[in-house]
Amino acid sequence: MTTTSLHQDPKETVIVIGSAGVGTSTIINSHVDGVDATELSAPASGSDRFDGLNVFVAKGVEYVVSSGISGPMKRAHAAHIVCDNLRKPHGAKVIFVVCVDKETKKLRESDISLTHVVVSAFQNAAVEFGVVVNKVPDDADRSALRQQVMGTIKTDTCHPKDIAFCPLVPDLAESKNQSSPTAFAEVADLICDTPVAQLEPLDDCVSGGGAANLPFVNVLIGNPGSGKSTHINAVARECVTKAGVNAGAGIQHNTLLRFPIDGVTWIDTPGLSNITHWTRAAALITEALQHEKGHYRLIFVVTTNAGRLLSTDLAIMTIVLNAIHKKDVPYGIIVNKLSKRLHSLILNDADFCNEFVCSLNSGPYSTKDIFLALEVDDARDAEDYILPDVAMKSVLEFINGIPSITMQPNDVSAISATGFDEQESRLMAVVDKMIAENAKEREKMHKMHEEAMEQQRETFKRLLDDLKRQRKEAERQLEGAIQKADERQTLQKQIKEMETCKPEQQQQQQQQDLVKILEFVWEKIAEELPREQKRYENYQRGSGCFAGSVVKAATLMQQQATRGGARHDDAAALGLGLEAGATRGHSRDLQIGALPVGENDATGNSDVVQPDHGDENLC
Ligand SMILES: Nc1nc2c(ncn2[C@@H]2O[C@H](COP(=O)(O)OP(=O)(O)OP(=O)(O)O)[C@@H](O)[C@H]2O)c(=O)[nH]1
Ligand SMILES: [Mg+2]
């Protein structure tokens with residue numbers, strides 16, 4: 001199979017877009033099976049070369065392969081290529097090639113960024129596209145990858161129709177023609193199932209073939225010293241055009257400078273404001289816009305003075321846009337060298353921001369593409385200063401996001417320098433009027449706001465009073481509930497006590513205790529009796545203390561009663577009370593009875609309480 005000429009009318013167009021190293025060319029080479037990689041002139045896999053486009057026709061299908069894309073400029077370029085193809089009469093199928101990061105097993109960030117740039121260039125058009133996920137390792141989670149594709153590569157109106165997974169083939173890089181039909185088997189189905197998408201043609205001059213091959217031209221226009229050259233140098237990452245301070249008409253007032261950077265031509269134009277040179281400057285800007293048919297982006301670089309825009313900046317925009325005979329010419333504005341204070345005021349004060357944006361759009365044209373560039377301290381009054389990467393990147397992203405317009409020389413008439421000052425004063429009058437109207441409007445809004453706030457305050461107060469009332473009532477109810485709960489608890493306690501303490505049981509227990517005590521006492525008396533008998537005999541003989549034994553018995557009984565729970569009056573009930581003993585016997589016998597039970601007497605009897613020496617003496 002061989003490639004066919006581009007001039008044969010293809011049945012359909014398939015546009016394939018992939019970042020550097022993603023494998024775009026390898027996949028397409030395999031897909032068109034038999035067509036040699038060199039014939040296709042597609043760059044080999046892994047190359048970070050971006051040659052623009054590889055266009056060929058195979059089996060009646062036109063393939064537009066844009067591979068090796070890296071960096072913001074190339075992504076924007078790729079987005080233009082896709083849009084141009086979608087504006088063809090028969091539209092095109094869009095296939096993104098992304099690949100899996102070996103480490104994370106997720107899609108590579110650079111691939112996702114490319115799809116975002118391209119998809120957002122479709123703006124509000126509904127486009128369904130196909131996604132080839134290449135280099136999928138065996139152990140990668142395909143459903144997670146599918147989710148990532150479906151969830152990240154989309155806008156409100158554009159989304160993937162389907163996905164083809166291609167496995168990671170380790171030895172593919174070494175193979176001669178880098179084609180592997182088995183590895184890329186799903187690609188054919190994907191291409192087949194992807195619907196043809198179409199965008200509205202921009203205008204007559206770009207419809208039809210060839211728009212994709214037009215050059216991309218970014219033109220920077222602005223007052224002398226606004227920072228045009230500094231921005232071009234930033235994009236080039238080197239000093240390609242002289243930048244610095246100049247007291248006259250500007251550094252570059254006599255020439256038009258073109259710089260091809262990453263496939264895009266950047267044009268540095270001279271400042272328009274200086275009266276001595278504006279005729280020359282106007283002619284040079286006309287020349288820049290009429291130079292060739294291409295995709296143009298117009299970037300106006302303006303500055304501020306104490307927060308106010310310069311009338312000349314506004315006049316330049318109107319004069320240049322007046323010269324282009326096309327509808328809705330897109331353009332962007334870089335507001336350069338903004339102080340931190342002004343920058344934050346615009347971003348944070350809605351009124352100020354509104355007024356600022358309205359002033360920028362006070363002429364007959366307007367744009368939403370406005371970039372607020374913070375003043376870079378080191379760049380102030382510097383010569384050939386290269387802006388830091390971070391500043392350059394954000395500006396570049398902004399410029400890439402400005403829609404381009406396809407123009408040919410006769411779309412632009414000579415920019416007129418005459419009437420510049422009338423234009424300027426007319427615009428300033430418009431701005432002044434607008435500012436005055438804005439102030440009135442603000443006053444009105446302020447009043448309305450105050451009224452609304454007052455109403456809100458009253459409503460809040462009412463609500464607060466209601467809440468306070470409700471809270472008091474709730475507290476009162478809570479207190480009542482707590483009191484009831486306490487009462488209930490006390491009642492429950494009392495019931496429990498009544499339940500556990502039954503008088504009959506208690507009485508029975510006491511009687512049992514009493515019987516035990518009596519048994520014990522009689523036992524003791526029986527033990528004591530022979531001895532007492534002896535004592536009695538002694539007593540009969542003149543010294544004795546029968547009463548002492550009675551007191552002992554009473555004491556023992558009292559001790560037992562204390563142990564067994566019987567009360568003192570139980571002993572009294574027996575007629576053996578201490579008092580009785582004490583009354584009948586001797587007071588000294590009482591003290592003897594208080595000795596602890598278990599102390600051994602001289603005879604070794606541990607249960608018998610023995611009299612002390614006094615008693616011994618007594619007995
Ligand atoms: N502080 C600050 N200075 C800047 C910035 N951008 C540019 N400048 C300085 O402004 C001066 C003029 O910048 P240029 O880039 O030469 O301006 P120009 O628009 O090309 O001027 P002409 O060629 O004369 O029309 C230089 O000294 C720059 O260093 C910025 O963001 N911050
Ligand atoms: Mg310059």
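Mentor: Start with a cut-off: buried means under 20% relative accessible area, and exposed means over 50%. Keep in mind that this is a predicted model.

Trainee: What makes strand S9 mostly covered?

Mentor: Set its residues against that cut-off. S9 spans residues 264-268, and five of its five residues are buried.

Trainee: What makes S7 and S9 a pair?

Mentor: Two strands pair if DSSP finds at least two bridges between them. Strand S7, residues 216-222, is joined to S9 by five bridges, and the two run parallel. Within that pairing, Val 217 stands opposite Thr 265.

Trainee: In what sense do S8 and S9 pair?

Mentor: Antiparallel, over five bridges; S8 covers residues 257-261. Ile 261 has Val 264 in S9 as its bridge partner.

Trainee: What do S8 and S9 form, and what lies between them?

Mentor: A hairpin, with two residues between the strands. In the turn, Asp 262 has a positive phi of about 50°.

Trainee: Why is Lys 135 called partly exposed?

Mentor: Its relative accessible area is 25%. Lys 135 belongs to strand S5, residues 128-136. Its phi is near 55°, positive in a residue other than glycine.

Trainee: And why does Lys 337 count as partly exposed?

Mentor: Its relative accessibility is 43%, so it falls in that in-between class. Lys 337 sits in strand S13, residues 332-338. Lys 337 is not a glycine, yet its phi is positive, about 60°.

Trainee: How do you know that the span of helix H13 agrees with its residue count?

Mentor: H13 has 81 residues, 420-500. The expected span is 1.5 Å times one less than the number of residues.

Trainee: Which residues of H13 are buried, and what covers them?

Mentor: Phe 420, Gln 423, Glu 424, Leu 427, Val 431, Met 434 and Asn 438 are buried. The cover includes helices H8 (278-290), H9 (311-322) and H11 (350-360).

Note on methods. Residues are numbered from 1 along each chain as its sequence is written. Chains are lettered from A and ligands numbered from 1 in the order in which they are written. This is a predicted model: local features need pLDDT of at least 70, side-chain atom pairs count only at pLDDT 80 or more; totals for chains, interfaces and linings use all residues. Side-chain values use heavy atoms; hydrogens and water are left out. Buried means under 20% relative accessible area, exposed over 50%, partly exposed in between (1.4 Å probe, protein chains only). Helices (H or I, at least four residues) and strands (E, at least two) are DSSP runs, numbered from the N terminus. Contact means heavy atoms within 4.5 Å.
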